[in-house]
Amino acid sequence: MTPIGSMTRLVGFSLVGIGVAIGALNWASLTWWNTYYPKLLASAPVFGMIGLGVFAFPGVEPPDGLDPGARSRHFFGKAPLLHKIAWAVSGIIGLAAGGYALHRLGYFGR
């Protein structure tokens with residue numbers, strides 16, 4: 001298994017953090033104002049699951065000395081096909097979880 005590098009930690013923690021922040025925003029909105037944002041509610045698990053997928057399948061750590069844009073292109077572009085597929089599958093699982101949450105809140109029954 002590939003060791004987790006700094007780029008993997010950055011991308012993984014960022015995506016999981018975005019998912020948690022969006023989920024917390026929707027939870028607070030639903031709790032205090034009895035409303036929620038359906039697109040954000042569906043996207044929170046997507047971000048979180050892709051972040052977890054990046055931790056499980058870390059891709060390729062870019063070499064030192066690259067500018068930030070080239071580092072991200074290298075991280076995502078040079079990743080093995082299996083890792084890219086795992087990231088896509090984890091995003092689809094997150095989308096299904098978001099759709100299920102919308103269904104449970106009655107969004108599709110309007």
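A: Two rings of Phe, Tyr or Trp, the last taken by its six-membered ring, count as a pair if their centres lie within 6.5 Å. The model is a predicted one. Over the whole structure, a search finds six aromatic pairs. One of them joins Trp32 and Trp33, with 6.4 Å from centre to centre and 75° between the planes, an edge-to-face arrangement. Ring pairs also bring in Trp27, giving a cluster of Trp27, Trp32 and Trp33. Both Trp32 and Trp33 are exposed.

An α-helix has 3.6 residues a turn, so residues three or four places apart point the same way. On the buried side of the account, the residues of H4 are His83, Ala86, Trp87, Ser90, Gly91, Gly94, Gly98 and Leu102. These buried residues pack against helix H2 (38–56) and helix H3 (68–77).

The surface has its own set of residues. Leu81, Ile85, Val89 and Ile93 form a nonpolar patch there, with about 370 Å² of accessible area together. Leu81 belongs to H4. Why is Leu81 classed as exposed? Its relative accessible area is 61%, and exposed means over 50%.

Just after H4 comes Gly106, which takes a positive phi of about 85°.

Key:
Residues are numbered from 1 along each chain as its sequence is written. This is a predicted model: local features need pLDDT of at least 70, side-chain atom pairs count only at pLDDT 80 or more; totals for chains, interfaces and linings use all residues. Side-chain values use heavy atoms; hydrogens and water are left out. Buried means under 20% relative accessible area, exposed over 50%, partly exposed in between (1.4 Å probe, protein chains only). Helices (H or I, at least four residues) and strands (E, at least two) are DSSP runs, numbered from the N terminus. Contact means heavy atoms within 4.5 Å. Patches are made of residues with over 30% relative accessible area and no salt bridge: like charges are joined within 9 Å, nonpolar side chains (Val, Leu, Ile, Met, Phe, Trp, Tyr) within 5 Å. Accessible areas come from the Shrake-Rupley method with a 1.4 Å probe; for residues, only the protein chains shown count as cover. A salt bridge is a side-chain nitrogen of Lys or Arg within 4 Å of a carboxyl oxygen of Asp or Glu. Rings of Phe, Tyr and Trp (its six-membered ring) pair if their centres lie within 6.5 Å; planes under 30 degrees apart count as stacked, over 60 as edge-to-face and the rest as tilted.
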